[in-house]
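Subject: Handover of a structure and notes on what was found in it

Dear colleague,

Please find below the sequence and the structure that I am handing over to you. My notes follow directly after them, arranged by region so that you can read them beside the model.

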Amino acid sequence: MDSSDVFMREALALAREAAALGEVPVGAVVVCNGDIVGRGFNRPIVMRDPSAHAEIIALRDAAYNLGNYRLPGCELYVTLEPCAMCTGAIFHARIERVVFGASDPKSGVAGSVLDLYGDPRLNHHAVIVGGVLAGECGTLLSSFFAARRARTLQT
């Protein structure tokens, strides 16, 4: 199995934790030198914090564990294409590479709605790899929202 698949599977496991809490199932891990140094999953509802996206939590965890808010040489694996807020944090942390699973046609900024990663006006860029385990990542999200719609219709 490819190492990208291994790390994305870790992110998927975290996404399932988010789903169990009723949060949108997105998970993320930060990898440095082949080791996971940060983990996170969506928790904005539970934490009452609009910035508590999986990527932000994983970046905070990695920064704490590595003792630096800059994370050069690190990679971020996330089950959903990052939004603008998370991309700003990714750039400030100096993440080298972002690997995502499912594209986000509503708020993704790695090529779906915008491409902030390709904008030459910005002072940092990360290599972007999309579509890793996209089917599994997308199915988890689709199933979550289908179940949420079904519950809404029943009430």
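Tyr-69 sits in the loop that connects helix H3 (54-66) with strand S3, and please keep in mind for this and everything below that the model is a predicted one. Tyr-69 counts as exposed because its relative accessible area is 57%, which is over the 50% cut-off for that class. When residues up to four places away in sequence are set aside, Tyr-69 touches Ala-63 and Ala-93. Ala-93 is 24 residues from Tyr-69 along the chain, and the C-alpha atoms of the two are 6.1 Å apart.

Strand S3, to which that loop leads, belongs to an open sheet of five strands, arranged in the order S2-S1-S3-S4-S5 and with mixed pairing. Strand S2 (35-41) and strand S5 (127-130) form the edges, since each of them pairs on one side only. From one strand to the next, the twist averages 15°.

Both kinds of pairing can be followed in this sheet. S1 and S2 run antiparallel and are joined by six bridges, with Cys-32 standing opposite Asp-35 in S2. The hairpin of these two strands has two residues between them, and Asn-33 there takes a positive phi near 55°. Strand S3 (residues 75-80) and strand S4 (residues 97-102), by contrast, run parallel and are joined by five bridges; within this pair, Val-78 has Phe-100 in S4 as its bridge partner.

Helix H1 (residues 3-20) lies across four of these strands, namely S1 (27-32), S2, S3 and S4, and runs at about 145° to S1.

Another salt bridge is formed by Glu-75 and Arg-97, with 2.9 Å between the closest N and O atoms. Here too distant parts of the chain are linked, with Glu-75 in strand S3 and Arg-97 in strand S4, 22 residues apart. Glu-75 has a relative accessible area of 19% and therefore counts as buried, the cut-off for that class being under 20%.

The remaining salt bridge joins Asp-119 to Arg-121, and its closest N and O atoms are 2.7 Å apart. Asp-119 counts as buried because its relative accessibility is 13%, whereas Arg-121, with a relative accessible area of 74%, is exposed.

Methods:
Residues are numbered from 1 along each chain as its sequence is written. This is a predicted model: local features need pLDDT of at least 70, side-chain atom pairs count only at pLDDT 80 or more; totals for chains, interfaces and linings use all residues. Side-chain values use heavy atoms; hydrogens and water are left out. Two strands pair if DSSP finds at least two bridges between them. Helices (H or I, at least four residues) and strands (E, at least two) are DSSP runs, numbered from the N terminus. Axes are lines fitted to C-alpha atoms, for helices over the stretch in contact, and angles run from 0 to 180 degrees between N-to-C directions. Contact means heavy atoms within 4.5 Å. Buried means under 20% relative accessible area, exposed over 50%, partly exposed in between (1.4 Å probe, protein chains only). A salt bridge is a side-chain nitrogen of Lys or Arg within 4 Å of a carboxyl oxygen of Asp or Glu.
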